[in-house]
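Colleague: I would like to learn how to read a model of this kind. Please start with the charged side chains and then go on to the helices.

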Amino acid sequence: MKIAVIGQSLFGQEVYCHLRKEGHEVVGVFTVPDKDGKADPLGLQAEKDGVPVFKFARWRAKGQVLPDVVAKYQALGAELNVLPFCSQFIPMEIINAPRHGSIIYHPSLLPRHRGASAINWTLIHGDKKGGFSIFWADDGLDTGDLLLQKECEVLPDDTVSTLYNRFLFPEGIKGMVQAVRLIAEGKAPRLPQPEEGATYEGIQKKETAKINWDQPAEAIHNWIRGNDKVPGAWTEACEQKLTFFNSTLSTSGLVPEGDTLPIPGAHRPGVVTKAGLILFGNDDRMLLVKNIQLEDGKMIPASNFFKGEGSSALELTEVELAIAEAVRSAWQRILPNVLEVEDSTDFFKSGAASVDVVRLVEEVKELCDGLELENEDVYMASTFGDFIQLLVRKLRGDDEEGEYSIDYVEMAVNKRTLHMPHQLFIGGAFIDAEGAKTFETINPTDGSVICQVSLPQVTDVDKAVAAAKDAFENGLWGKISARDRGRLLYRAPPSPSTKPDPTAT
């Protein structure tokens, strides 16, 4: 079948590639104009394949379709228009031109969340089910007959990114290919959309993303995660605009103890803890925010909100300076419109998008032999100077928090002095059990008491389980690839206890 693909992004590129693999002839690709000198991935791929690419800035003038646009389209002889994540409004003269019409991908279960920002609104409204629809285009706003729908569970801490990457992207590509296959076989349904349950939502913008504190914690959490990473849910506090990211309702075992953060309009002040910023709904339930963007654009861990700028700038060695220049070259490749990458160059203000973050992280990990680096690190250190400082600290292994505070029991055994911690180790800290309860640990050789050891209570177990769950779901080790984990294990020095004693006989 001869197909015209009208869309953009990596999603559009993947749909295009899969349709070609299925044996269809893509006669033309219509995508958005280059932005900051960078072509859209869909257009780039089509150009490599020798497929005609059109980048119309507009399709109409004064409400009328442009004749040259229609002429260029009609010359292709398309039998079907496929629109994967198309952000432009396409004239009906183009939509109705092919004998099979046009099909569109939409990231919601229509008729719910018609309009833009559908994924955001799925989360903002607290939907328990999400998914996508592929429908036949008509002259309404996402009102055409349904061809295919697939749904998924929306997890309590899903964000726009996790929902998209887990389901809407991979399954959506398969769905588009399946829809085209059904059309080619003459089996594609046309099911009228019901009006019952239909909703229309607008594009989320920064000015409309302010948090309403007069609602339950779950609703506040849904608002924050529904606006993460763009445009960002914000509030006014400490005489500036603070934007919150990475919200979770998984607060079991967390104690709201720390520095208070007064927030105008909030039911209770926020609390800056080691785990992040604890916020409260009007139902007194808690939610946790892990990252805060300050008014100047700098992103920081929420746990560091009341801390200073931290340690002074590192002086780089010759080897580190060479690495910095190699990383500078990577920035330069990713940001072609920046004449010279300086320490003050901001990655995102220079035109970088989320796909560029992935590319930068992969390039830097390759340069630094599998250094554990996350996409989040780029958001936390968005200027080149800050990014190099973060990178060097990681390379030196001193990017972690300060040393543990450990209360030891000291004993002399076999002419050696042993230091034994006797507290509970939960969430990266040694703490006493609830109520300072202890029990005696006995030396089995003579029955003497070695020391008093913290006796965990039910609440301590809850804290430990919550900390373990958070480490499993959000910790660094689980996020890095198996390849990088292997590299780190091979780099780890052997334990001193495993080294042979050269004096042994």
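Modeller: A salt bridge is a side-chain nitrogen of Lys or Arg within 4 Å of a carboxyl oxygen of Asp or Glu. Glu185 and Lys187 meet that cut-off, with 3.9 Å from N to O. Keep in mind that this is a predicted model.

Colleague: Are Glu185 and Lys187 buried, partly exposed or exposed?

Modeller: Glu185 is partly exposed because its relative accessibility is 45%. Lys187, at 58%, counts as exposed.

Colleague: How many salt bridges does the structure hold?

Modeller: There are 23 salt bridges. One of them joins Arg181 to Glu22, with the closest N and O atoms 3.0 Å apart. That pair connects distant parts of the chain, 159 residues apart: Arg181 sits in helix α7 (residues 170-184), and Glu22 in the loop between α1 (9-21) and β2 (25-30). Both ends are partly exposed, Arg181 with 36% relative accessibility and Glu22 with 37%.

Colleague: Where do Glu363 and Arg359 lie?

Modeller: The general idea first: an α-helix has 3.6 residues a turn, so residues three or four places apart point the same way. Here, Glu363 and Arg359 are both in helix α10 (residues 354-367), 4 residues apart, or about one turn of the helix. Their side chains form a salt bridge at 3.1 Å, N to O. Arg359 is partly exposed, at 36% relative accessible area.

Colleague: Which residues are linked in a network of salt bridges?

Modeller: Asp34, Glu47 and Lys55 form such a network.

Colleague: Now the helices. How is a packed pair described?

Modeller: Two packed helices are described by the angle between their axes and the distance between the axes. For α9 and α10, the angle is about 155° and the axes are 10 Å apart. Angles over 145 degrees count as roughly antiparallel, so α9 is roughly antiparallel to α10. The crossing of α9 with α10 is right-handed. On the α9 side the contact is made by Ala326, Val327, Ala330, Trp331, Arg333 and Ile334, and on the α10 side by Asp356, Arg359, Leu360, Glu363, Val364 and Leu367. By class, those residues are 8 nonpolar, no polar and 4 charged.

Colleague: At what angle do the axes of α9 and α12 cross?

Modeller: They cross at roughly 135° and come within 11 Å, α12 being residues 384-396. The two helices are therefore oblique to each other. This crossing, of α9 and α12, is right-handed. From α9, the residues that take part are Glu320, Ile323, Ala324, Val327, Arg328 and Trp331; they meet Phe384, Phe387, Ile388, Leu391, Val392, Leu395 and Arg396 of α12. The α9 contact with α12 has 10 nonpolar, no polar and 3 charged residues.

Colleague: Why is helix α8 largely enclosed by the rest of the structure?

Modeller: Burial is taken as under 20% relative accessible area. In α8 (residues 217-226), 8 of the 10 residues are buried, so the helix is largely enclosed by the rest of the structure. Among them are Ile220, His221, Trp223 and Arg225. The buried residues of α8 pack against α5, α6, β12, β13, β16 and β17.

Colleague: Is Ser303 buried or exposed?

Modeller: Ser303 counts as buried, at 17% relative accessibility. Ser303 is in the loop between β18 (299-301) and α9 (318-334). Leaving aside residues up to four places away in sequence, Ser303 touches Val272, Thr273, Lys274 and Gly276.

Notes. Residues are numbered from 1 along each chain as its sequence is written. This is a predicted model: local features need pLDDT of at least 70, side-chain atom pairs count only at pLDDT 80 or more; totals for chains, interfaces and linings use all residues. Side-chain values use heavy atoms; hydrogens and water are left out. Buried means under 20% relative accessible area, exposed over 50%, partly exposed in between (1.4 Å probe, protein chains only). Contact means heavy atoms within 4.5 Å. Axes are lines fitted to C-alpha atoms, for helices over the stretch in contact, and angles run from 0 to 180 degrees between N-to-C directions. Angles under 35 degrees count as roughly parallel, over 145 as roughly antiparallel, 65 to 115 as roughly perpendicular and the rest as oblique. A crossing is left-handed if the near helix is turned anticlockwise from the far one by less than a right angle, and right-handed if clockwise. Ala, Val, Leu, Ile, Met, Phe, Trp, Tyr, Cys and Pro count as nonpolar, Asp, Glu, Lys and Arg as charged, and the others, Gly among them, as polar.
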